[in-house]
Amino acid sequence: MKIVVCIKQVPDTVHVRIDETTGAMQREGVPAIVNPYDLYALEEALRLREAHGGSVAALTMGPPQAAAALRDAVALGVDEGYHLSGREFAGGDTLATSYALARGVAKIGEVSLVLCGKQAIDGDTAQVGPELAEHLGLPFLGFVRRVREAHPGRIVVERMTEEGADVVESPLPAVLSVVKEINTPRLPSLKGKMRAKTFAPTVWDAAALGADPARLGFAGSPTKVVRVFHPEARRGGEIIAGEPAEAAARLAEKLRALGVC
């Protein structure tokens, strides 16, 4: 089984800052970490490799410093790391990002399974997983909390829902996005840390992927941040005192005056 895990280096949300002029996230001087949800995807990929054999590769897109996320993945036990890096990728929304990642997965080739974290903590869109599946023309299974069975050509998973879970069977290859309930990520081993120190990922730019530049970065992003602003402060609410029946009647009268009911 050949598994690719898409990971993202994100700014630690405690230190996130937004440029209110451009609407872009300011990453300079902000500590970076591997997106926490992606750690669950990495762990599940490693468990599947341990159970069924094969290999696990980590794939990321970002500036040169994003290679640190791949070294973190190698320290955990990943076999290979691939880094999509170049100015042409900068500023991409989820559609442009998922297109680039899909080209990366296709270039790796003969992939049985693609795993992603449910969402990234910097954007919280949860869009890249399903968009990636669409670009690749593969089935998508979202909010996966357990892999029940994995066989050559098919997989059975539990998908978390508001009412509980659905059990779904899908042909392989497929794309899965996982939730934190799926496992407990391991810590890096000493052997893994030593390997990560000298690990050099395979780096691809848009030309190496054979990607259309018009579908990458700002140029390939149909969504834009138009304005960033702080909500205006509002005064505190009004407290309606009195007996419950009396207070409810006065509240209903105020709501009718406002045209709410």
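How far apart should the ends of helix α3, with its 15 residues, be at 1.5 Å a residue? Keep that in mind as we walk through this predicted model.

**Stop one: helix α3.** Select residues 94-108. Now show the surface: 11 of the 15 residues in α3 are buried, among them Tyr99, Leu101, Val105 and Ile108. Look next at the start of the helix, where a side-chain oxygen of Asp93 comes to within 3.1 Å of the backbone nitrogen of Leu95. Just past the other end, select Gly109, which has a positive phi of about 80°.

**Stop two: salt bridges.** The whole structure holds 13 of them. Begin with Arg49 and Asp79, whose closest N and O atoms are 3.0 Å apart. Arg49 sits in helix α1 and Asp79 in the loop between α2 and β7, so this pair ties together parts 30 residues apart in sequence. Arg49 counts as buried at 18% relative accessibility, while Asp79, at 25%, counts as partly exposed.

Next, select Arg186 and Glu50, which meet at 2.8 Å, N to O. Arg186 belongs to the loop between β12 and α5 and Glu50 to helix α1, so the parts they tie together are 136 residues apart in sequence. Glu50 is exposed, with a relative accessible area of 52%.

**Last stop: two strands and a network.** Glu158 and Arg148 form a salt bridge at 2.9 Å, linking strand β10 to strand β9. Finally, select Glu43, Arg47, Glu50 and Arg186 together: salt bridges with shared partners join these residues into one network.

Conventions: Residues are numbered from 1 along each chain as its sequence is written. This is a predicted model: local features need pLDDT of at least 70, side-chain atom pairs count only at pLDDT 80 or more; totals for chains, interfaces and linings use all residues. Side-chain values use heavy atoms; hydrogens and water are left out. Helices (H or I, at least four residues) and strands (E, at least two) are DSSP runs, numbered from the N terminus. The expected span of a helix is 1.5 Å times one less than its number of residues. Buried means under 20% relative accessible area, exposed over 50%, partly exposed in between (1.4 Å probe, protein chains only). A polar contact is a pair of N or O atoms within 3.5 Å; within protein, one must be able to donate a hydrogen and the other to accept it, and residues adjacent in sequence count only if both atoms are side-chain atoms. A salt bridge is a side-chain nitrogen of Lys or Arg within 4 Å of a carboxyl oxygen of Asp or Glu.
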